[in-house]
Amino acid sequence: MLIHQPVWWIHAMLIQRRQAGSRGPSAVLRNTNSTMRDASDDWSWRNTGGSMSTAQERLKTICWADGHVRLIDQTRLPTELVYLDITAAKDMFHAIRTLQVRGAPAIGIAAAYGLYLAVSDFPDHRTTGDFLAYVDKNCRYLASARPTAVNLFWALEKLGKTAHAYSGSSVPEIKRHLLEEAHQIFATDRQTCRQIGENGYELVKDLSAILTHCNAGGLATSEYGTALAPVYIAAEKGHLLRVYADETRPLLQGARITAFELHKAGIPVTLLCDNMAAVVMSQKKVGAVIVGADRIARNGDTANKIGTYSLAINAKAHGVPFYVAAPISTFDPNCPSGDKIPIEEREAEEVTCGFGKRTAPEGIDVYNPAFDVTPHRLIDGIITEVGVVRPPFHEGIDRLFA
Ligand code: MRU
């Protein structure tokens, strides 16, 4: 039963599945709004008189809509704004694995709704015991979509626990509780990210620019993002911070997604190739680096998009404060240090033929880890919804889980 298994057990199971060659089903998804258009009317800070929520209510990363999940297909950004309507768990698995929905908190929300979709068709007249076994099986299935972002396992564990807590109830009642829990995860994420923004704002209120990597913005969460939340809060207070965005090879989440969402929100953004960050720091163009996280170990070591580690070394060399912004759900209290964090390795083609054009010889060996671990000694603070955790991190993190 998933809920009584530690996080490492889920990973061991994932590795077994991978070794067995399980790649999950391919999904045929219905595109409800497959349009090629400039989304600035939907996503503009300026057009909404500074009201963040009004702007983003019209363009949602992920939401529950009349019995199914609607999410933005992030593989199509920035040229196309395509919404996917997801009605089945296999389609949610595919969306998570292929990065149609990505970013740790958004993956957690997607998995929670995905689990509800998975079990919602279970016959109501069957026994609760059979239903709980079905819930556990689907938790294991969805947990195998990606290995690094702990929010995936966190959300599934939460729903698994909810199901088992109602083991004395009927199948329809447990289903209702599962949907409520998924809604709760979604709603809490918005408040949590806003609070991360408020707490992070204190660190950037005297700055004119920050640098970020990958996308830890609204499109990685239900709304505000984590690393970009202080920037959105600053804008709400009338302070427009410039964001230097690493393009983030190989899948260009910085160029395609961070630049897209900030530009559409009317926040000044300057795009950089990843190898330009040291120069930008040496020229004193940025006052801090803020990145998101996929998993934070008990000692503060932090897994985030590949390239974060080099950025932290560069920041240390230039005396630029380096912050991680993440909700408590991204901490893994069972993981003592970064070397225990499972790191996803993705297909060679992401490196050799990004976006359809071959850029390396056929048959070349490729190493493509999707994440790296930044050692805690390079991190100046971890911005959470309950405050900024400072070194020594093991003490501050222990207090989060006390
Ligand atoms: O592979 P991705 O695009 O899911 O990687 C995303 C990141 O590394 C983000 O920085 C992280 O998940 C934090 S999102 C608030």
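A word on the model comes first. The structure is predicted, with local features needing pLDDT of at least 70, side-chain atom pairs counted only at pLDDT 80 or more, and totals for chains, interfaces and linings using all residues. Numbering starts from 1 along each chain as its sequence is written.

**Around the ligand**

The ligand is surrounded by 19 residues, and the closest are Arg102, Gly103, Ala220, Gly292 and Lys305. Here a residue is near a molecule if its C-beta atom, placed from the backbone, lies within 6 Å of it. Two or more shell residues come from each of helix 5 (104-120) and strand 10 (302-305). Helices (H or I, at least four residues) and strands (E, at least two) are DSSP runs, numbered from the N terminus. The shell has nine nonpolar, seven polar and three charged residues. In this scheme Ala, Val, Leu, Ile, Met, Phe, Trp, Tyr, Cys and Pro are nonpolar, Asp, Glu, Lys and Arg are charged, and the others, Gly among them, are polar.

The table gives the axis geometry, where axes are lines fitted to C-alpha atoms, for helices over the stretch in contact, and angles run from 0 to 180 degrees between N-to-C directions.

| Helix pair | Angle | Axis distance |
|---|---|---|
| Helix 4 (89-97) and helix 5 | about 165° | 8 Å apart |
| Helix 5 and helix 6 (128-143) | roughly 135° | within 10 Å |
| Helix 6 and helix 7 (150-165) | roughly 180° | within 10 Å |

Helix 4 is thus roughly antiparallel to helix 5. The angle classes are under 35 degrees for roughly parallel, over 145 for roughly antiparallel, 65 to 115 for roughly perpendicular, and oblique for the rest. Their crossing, helix 4 with helix 5, is left-handed (the near helix is turned anticlockwise from the far one by less than a right angle; clockwise would be right-handed). Ala89, Met92, Phe93, Ala95 and Ile96 of helix 4 meet residues of helix 5 including Ile107, Ala110 and Leu117; contact means C-beta atoms, placed from the backbone, within 7 Å. This contact of helix 4 with helix 5 has 10 nonpolar, one polar and no charged residues.

Helix 5 is oblique to helix 6, and the crossing of these two is right-handed. From helix 5 come Ala111, Gly114, Leu115, Ala118 and Val119, and from helix 6 Tyr134, Val135, Asn138, Cys139 and Leu142. Eight of the contact residues of helix 5 with helix 6 are nonpolar, two are polar and none is charged.

Helix 6 and helix 7 are roughly antiparallel to each other. Among the residues that meet are Leu132, Val135 and Asp136 in helix 6 and Leu152, Phe153 and His164 in helix 7. The classes in the contact of helix 6 with helix 7 are nine nonpolar, two polar and one charged.

**Backbone spots to look at**

Arginine 249 and proline 250 are joined by a cis peptide bond with omega about 5°, and proline 250 sits in the loop between strand 6 (242-246) and helix 10 (253-264). Another cis bond runs from proline 391 to proline 392, with omega near 0°; proline 392 is in the loop between strand 14 (387-389) and helix 14 (393-400). Cysteine 214 is not a glycine, yet has a positive phi of about 60°. Its place is the loop between strand 5 (209-212) and helix 9 (229-236).

Notes: Contact = placed C-beta atoms within 7 Å.
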